[in-house]
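Here are my notes on the model you sent over.

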Amino acid sequence: MTNAFNTTNSQTVFTAAKELMPGGVSSPVRAFKSVNGDPIVFDRVKGPYAWDIDGNRFIDYVGSWGPAICGHSHPEVIASLQEALEKGTSFGAPCELENKLSEMVIEAVPSVEMVRFVNSGTEACMAVLRLMRAFTGRDKLIKFEGCYHGHADMFLVKAGSGVATLGLPDSPGVPRSTTSNTLTAPYNDLEAVKELFAENPDAISGVILEPIVGNAGFITPEPGFLEGLRELTKENGALLVFDEVMTGFRISYGGAQERFGVTPDLTTMGKVIGGGLPVGAYGGKKEIMSMVAPSGPVYQAGTLSGNPLAMTAGIKTLEILRQEGSYERLENMTKKLINGICDSAKQAGIPITGSSVSGMFGFYLCEGPVRNFEEAKKANTDYFGKLHRAMLEKGVYLAPSAFEAGFTSLAHSEDDIDITLQAFNECFNELSQ
Ligand SMILES: Cc1ncc(COP(=O)(O)O)c(C=O)c1O
């Protein structure tokens, strides 16, 4: 792999793509800008591996940004999709598979008594926000710096725009009037949330967060943080919403809420529940979900929502995941991986802090601890860019940003982990010289 690393075909396709699509991609992080490189163009994926159009094979720790928890193109998922395909790709009418996946989600996720399927995590978060406001009759919302909830206007607020100040748009085209209702606080800072509630009495509809942050690297909630948010929201008549688009069915079968034993009012999901096809979902207490159209007045709809292919891939993926030992395997493998990465870096004299929970991990190239986005920004992103490239050359595909979590899958073998650790070890030594 190392000797023949050649990306000529990827370069050619990406050069053409830049004329056809903004930045040459359909979603920004893929463009490798934050690692100062050009993207690898994929040809196919299978199990823990991805192959590019130059014939290079990579051990993949992105897993299509989370969905590929059973490994890419799992044979059982593919077989059930082939069967479903024969019956058609989209019905635009009720199908029994929606009931089946709903039942599985309701059974698994503690907060969910009723669910609505959509097509992406962005859609789920956008819809949940409307529901939060409708249910409480309040417009404001608290989110945390470094948490990502998709690209709807209300969530695109500048990180660090101030605890006590109004949110500022983080993208042209987002009206100031929209983000003025979005209040931000540093992650793991209950006092800041308390202050926001005190300063905005009876105005805050709820608090939304990633129960483990995977969009600012990898940040876990400190003991008491999630519990504290549960109490604060209750005291203030606001809703608590866990965005489990990334953590749902990954951190445990019942998501982060099951693992940490804190039950939100509403939950958003995506990625894993679509098994590699576009799916999002939001769900929660019946009392709240009943407000969604057509049973209630809160409008939300989707042409392709609940389509039989997406439902099939989701159902099969969850069936595989709920087999005995899946999460223990993910937990142990991922721990071995992150511990090995951190040990190698330290031995090479490179500052690092990293951790994992179940099949999700991350590290920062700086001294720890990292408890919020501000602290995450201390990480050495230049070095990460070089490390990323060097790892690619050794056949390991990491997320192309110092601020994205990594994902393992049930398809990664002990050998894959060992080969990856060997590559990290070599890179840390080579790059530190
Ligand atoms: C926590 C979280 N919420 C929402 C989203 C948006 O999901 P999508 O990309 O499917 O729109 C993401 C995407 O990475 C996410 O990680």
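At what angle do helix 11 and helix 14 pack, and how far apart are their axes? Point 2 has the reply, after some housekeeping.

1. Ground rules. This is a predicted model, where local features need pLDDT of at least 70, side-chain atom pairs count only at pLDDT 80 or more, and totals for chains, interfaces and linings use all residues. Residues are numbered from 1 along each chain as its sequence is written.

2. Helix 11 with helix 14. Helix 11 (residues 326–347) and helix 14 (residues 414–432) pack at about 15°, their axes 9 Å apart. Helices here are DSSP runs (H or I, at least four residues), strands likewise (E, at least two), both numbered from the N terminus. Axes are lines fitted to C-alpha atoms, for helices over the stretch in contact, and angles run from 0 to 180 degrees between N-to-C directions. That angle makes helix 11 roughly parallel to helix 14 (under 35 degrees is roughly parallel, over 145 roughly antiparallel, 65 to 115 roughly perpendicular, and the rest oblique). The crossing is right-handed, meaning that the near helix is turned clockwise from the far one by less than a right angle.

3. Who touches whom there. From helix 11, Met333, Lys336, Leu337, Gly340, Ile341, Ser344 and Ala345 meet Ile417, Thr420, Leu421, Phe424, Asn425 and Phe428 of helix 14; contact means C-beta atoms, placed from the backbone, within 7 Å. By class this contact has eight nonpolar, four polar and one charged residues. For the classes, Ala, Val, Leu, Ile, Met, Phe, Trp, Tyr, Cys and Pro are nonpolar, Asp, Glu, Lys and Arg are charged, and the others, Gly among them, are polar.

4. Helix 6 with helix 7. The axes of helix 6 (residues 190–199) and helix 7 (residues 225–235) come within 10 Å and cross at roughly 15°, which makes helix 6 roughly parallel to helix 7. Leu190, Val193, Lys194 and Phe197 in helix 6 meet Phe225, Gly228, Leu229 and Leu232 in helix 7.

5. Helix 2 with helix 10. These axes come within 9 Å and cross at roughly 150°, so helix 2 is roughly antiparallel to helix 10. The crossing is right-handed. Among the residues making the contact are Val77 and Leu81 of helix 2 and Leu309 and Ile320 of helix 10. The contact divides into eight nonpolar, three polar and two charged residues.

6. The ligand. Which residues come nearest to the ligand? Of the 16 around it, they are Ser120, Gly121, Thr122, Gly150 and Val245, where a residue counts as near if its C-beta atom, placed from the backbone, lies within 6 Å. Helix 4 (residues 121–136) gives the largest share of the shell, three residues. By class, the shell has five nonpolar, nine polar and two charged residues.

7. Backbone spots to look at. Most residues other than glycine have a negative phi, and most peptide bonds are trans. The bond from Ala293 to Pro294 is cis, with omega near 10°, and Pro294 lies in the loop between helix 9 (286–289) and helix 10 (308–321). Gly368 and Pro369 are also joined by a cis peptide bond, omega about 0°. Ser64 has a positive phi, near 60°, and lies in the loop between strand 3 (57–60) and helix 2 (75–85).

Terms used:
Two residues are in contact if their C-beta atoms, placed from the backbone, lie within 7 Å.
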